[in-house]
Amino acid sequence: MQSLSSTLRALLRGAGAAALLGGCAATGGGDTAGVPGPAQLVGAVNRVSWGVSQSTWQQVEKVGYPAWLEGQLRPTPAPLPAAAQAQIDSLTIARKTMPQLVADLDAQRKAAEQLTVDDEKKAAQQAYQQELTRLAREAATRSLLRDLYSPNQLQEQMTWFWMNHFNVHQGKSNLRVLVGDYEDTAIRPHALGKFRDLLGATLRHPAMIRYLDNEQNAANRLNENYARELMELHTLGVEGGYSQRDVQELARILTGVGVNLGSAEPKVKKELQAQYVHTGLFEFNPNRHDYGAKQFLGQPITGRGLAEVDEALDRLSRHPATARYVSRKLAVYFVADEPPPALVARMADVFRSTDGDIAAVLRTLFTSTDFARSLGAKFKDPVHYVVSSVRLTYDDKVILNTGPMLGWLARMAQPLYGRQTPDGYALTQTGWASPGQMTTRFEIAKAIGSGNAGLFKADGPQPQQRAAFPQLASAFYYQSLQQTLGPKTRQTLEQATSPQEWNTLLLSSPELMYR
Amino acid sequence: MERRLLLKSLAALSAGAATGNLWAAPASKTRLLFVFMRGGYDATSLLIPIASQYYYQVRPNIAIAKPSDDAKSALPINADWGLHPALRDTIYPMFTAGEAAFVPFAGTEDLSRSHFETQDSIELGQSLQGTRDYRSGFLNRLATTLNANQASAISFTDQLPLIMQGSAQLPNMALRSLGKPQVDARQARLIATMYDGTSLAAPVREGFVVREDVMKEMIGEMDAANRNAITAKGFELEARRIARLMKEKYNVGFVDVGGWDTHVGQGNATGYLAGRFEELGRGLAGFAEEMGAEWRDTVVVVVSEFGRTFRENGNRGTDHGHGSVYWVLGGGVRGNAVRGEQIALEQKTLFQNRDYPVLNEYRALFGGLLARMYGLNAGQVEHIFGTRGSDIGLV
């Protein structure tokens, strides 16, 4: 084992670390004046990832923090641990494409409707609903396994961030069969790419179109739902300077953008046939489109079909309000509930000069002194609390069952794909740190700390169970974590009467509520 | 036009006549439950403007028929309004017994027609002009305005909503599903000690206290279940639990109910929205029953962030609108009435040719109501809502 100071020197080579140094010097928060303690680099890794663990820390030690951070910002495909990948490979959603799944489920639904005996019909309909629910649960399982074990931690964290930004709710219609694909193909590939690509991918995914009712939006029968949220929540922000008129005009532009789950296609007038689009489950139906001229955000848009939508998305994604709104939201997520305006302004500048390059904007954030100063002070929302606790407790020992984690997230009101309204979950402390939330966290701390939470008890006909006592009192704890704990926490830990209780208290400590 | 004048004078009369029936409960006994229907419920389907020809014209698929013998028709309220038939066995009997009133054209000055903006506006309860304190909800300010021995506020939600956030640390606990806590009393003490002196000390301690209260209450429920008593489900179960806790300990409560954003296929006398009304009505009636003698000193206020478009959209649903209809229920409420400023609903009286205008601004409305319930003076109302209260004779 290297000594801490030589580890530290190795870690600090590079620009990112220089900023970290600057930040630490400014707050005087190091072991000695001007020199950061290793805790601060642990803190940076803790924030950029889903929570620091011994093995992630070892990766950072191996390549140095700056190189590790750069690898996080520009990830290359990296394998999951075999035990995690095998679980994902066994999922139905990994073996069938979304159109296949939708077709299968649709056939199942129709078959159920055909039944004439009431009880049989009821049972068949129930089975159909259960299958939908099971598929959404598979999607959540895959998502959590990646959060826990992917070497590309930032990509997975950003996937959650964008899933929340472009929120859809699995409870609507048949979205339970769509959410996995939405996350996997629309969000995750663009999580660190160009914002315009991400925005375009969400617009062309049936989950979003269906969730915000745009398949109902047609010429002279406008439905404003998607148009409004596209500006208010996805791009400009509510103070982005658009009017009710812009909402209506964007709704007109979006007419005809819909979903077609089957193979039957509408009869389109001859002169518009070339405009018809049906790729995957996405459909643009010229019959339903308003071909009139529009005025959107102060500029005219010539009525000409789907190209209007692309023009509108270009306009929205390049609007200065979007750069500010998205940059601020990223800073709220990664820096502070009230991020410094100067940092947000610099990020917005980078957003504009790079045409919305998300990784470039994040690099500005992660190498800022504001970031370094903020380490350890951002309250974990439930998903961060749950994922970071399991990562810290079990490190690379792959869990066999995500069910308990999904249950905890539901109990704390932050389940995956479970936010009903399009605004997504709050990214700030308020609300997540309330008395009821804290009490629930301690219950979860006890479940994990006692080692009987069920994380190593697989579902299935021959349930596999592995003994897995939590490894919290590890080398990593004594080398790094312990130094970040305050005297009250250390004294309380000394009063634990069993290793289980020691684990419970550690996971309940104030220090582990922050990242 | 004449109706409009008549309605205005009636509203004025009822407010003036309020002196005959003053809220009698002392502030310490008064209980308030605030229910938020998140999503912007279609108030036009709750309180049906049966006198408006235009209503029937622009809602060809989703209107509800004028009161008649048909079970699917509106329940009679007065010449202008009817009530949704899904509330026949729950809110309607409460209304006719004089324990429920409705306030149409109620809402905010917020014109964003955004769910989140408008919900925040209402929960903050502050003027849109000038700087707002985004960490201070009006129920929190109510709790701090009342003496500590008068107010014990709680939110029955998984998260502490904006309306309850502010300078006082108020607790929250959702009551939908309850389990026996695993962290024992000694561990709770050890955990609380770790938080002493931190910014989370208050929520941590408060959380353990509430946990105790709730478990004590729920022992009774478990006993009843063991005796094979019929137990309620869904929102009714939650509402009955809320009532039991509010009877024993908490006198200011908040709960929210979602699922009102009916852009598509909302139904009419039956269908999706009717089902939501039915469930909410059953819950509130269950709450009233469970309160027993204390119902007399209890007021339930039901609000939503905005109303919806007066016309149905192309999908047999409705889109985001402006003015809403608030409900005020309670044993001491001056019910069996539709209160506040009103106008006849025609094309030309629609706000922005789209939805209901707001004639009864919510801050003045709540200010007037809370002043009466708690004996607040003008300065206290001003402190909570930044405006004078307007007493429209609800209690």
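Which residue in strand 3 of chain A is the bridge partner of V259(A)? That partner is F282(A), and the pair makes a handy way into this predicted model, in which local features need pLDDT of at least 70, side-chain atom pairs count only at pLDDT 80 or more, and totals for chains, interfaces and linings use all residues. Residues are numbered from 1 along each chain as its sequence is written, while chains are lettered from A and ligands numbered from 1 in the order in which they are written.

Let's stay with that sheet in chain A. Strands here are DSSP runs of E with at least two residues, helices are runs of H or I with at least four, and both are numbered from the N terminus. Two strands pair if DSSP finds at least two bridges between them. Strand 1 and strand 3 (residues 282-284) of chain A are antiparallel partners over three bridges. They belong to an open, antiparallel sheet of three strands with the order 1-3-2. Strand 1 (257-259) and strand 2 (277-279) of chain A are at the edges with a single partner strand each, so one side of each has no neighbour in the sheet. From one strand to the next the twist averages 20°, with axes taken as lines fitted to C-alpha atoms and angles running from 0 to 180 degrees between N-to-C directions.

Now for the helices of chain A. We call a residue buried if 20 or more other C-beta atoms lie within 10 Å of its own, exposed if 12 or fewer, and partly exposed in between, with C-beta atoms placed from the backbone. Helix 10 (residues 153-165) of chain A is mostly covered, with 13 of its 13 residues buried. Its end C-alpha atoms are 18 Å apart, which agrees with the 18 Å that 13 residues should span at 1.5 Å a residue; the expected span is 1.5 Å times one less than the number of residues. Helix 17 (residues 320-334) of chain A, with 15 residues, reaches 21 Å from its first C-alpha to its last, close to the expected 21 Å. Eleven of the 15 residues of helix 17 of chain A are buried, among them L330(A), A331(A) and F334(A).

Those three residues turn up again around L365(A). Leaving aside neighbours within four places in sequence, L365(A) is in contact with L330(A), A331(A), F334(A), V335(A), M347(A) and F371(A), where contact puts two C-beta atoms, placed from the backbone, within 7 Å. L365(A), L330(A) and M347(A) are among the residues with the most contacts inside the largest nonpolar core, which has 138 residues. Such a core is a set of buried Ala, Val, Leu, Ile, Met, Phe, Trp, Tyr and Cys residues joined through C-beta atoms within 7 Å. Another core, of 105 residues, lies apart from it and includes W23(B), L280(B), F287(B) and V358(B).

That brings us to chain B. Strand 7 (residues 252-257) of chain B holds V255(B), which counts as buried because it has 23 C-beta neighbours inside 10 Å. Five of the six residues of strand 7 of chain B are buried, so the rest of the structure largely encloses it. Setting aside neighbours within four places in sequence, V255(B) is in contact with V35(B), F156(B), T157(B) and I242(B).

Strand 5 (residues 100-107) of chain B is mostly covered too, with eight of its eight residues buried. Its pairing with strand 9 (residues 324-329) of chain B is antiparallel, over six bridges, and there P104(B) has V325(B) as its bridge partner. Strand 5 of chain B also runs parallel to strand 10 (residues 337-338) of chain B, joined by two bridges, and pairs in the parallel sense with strand 11 (residues 360-361) of chain B over two bridges.

Finally, where the chains meet, the contact takes 40 residues from chain B and 39 residues from chain A. On the chain B side, helix 8 supplies the largest share, seven residues.
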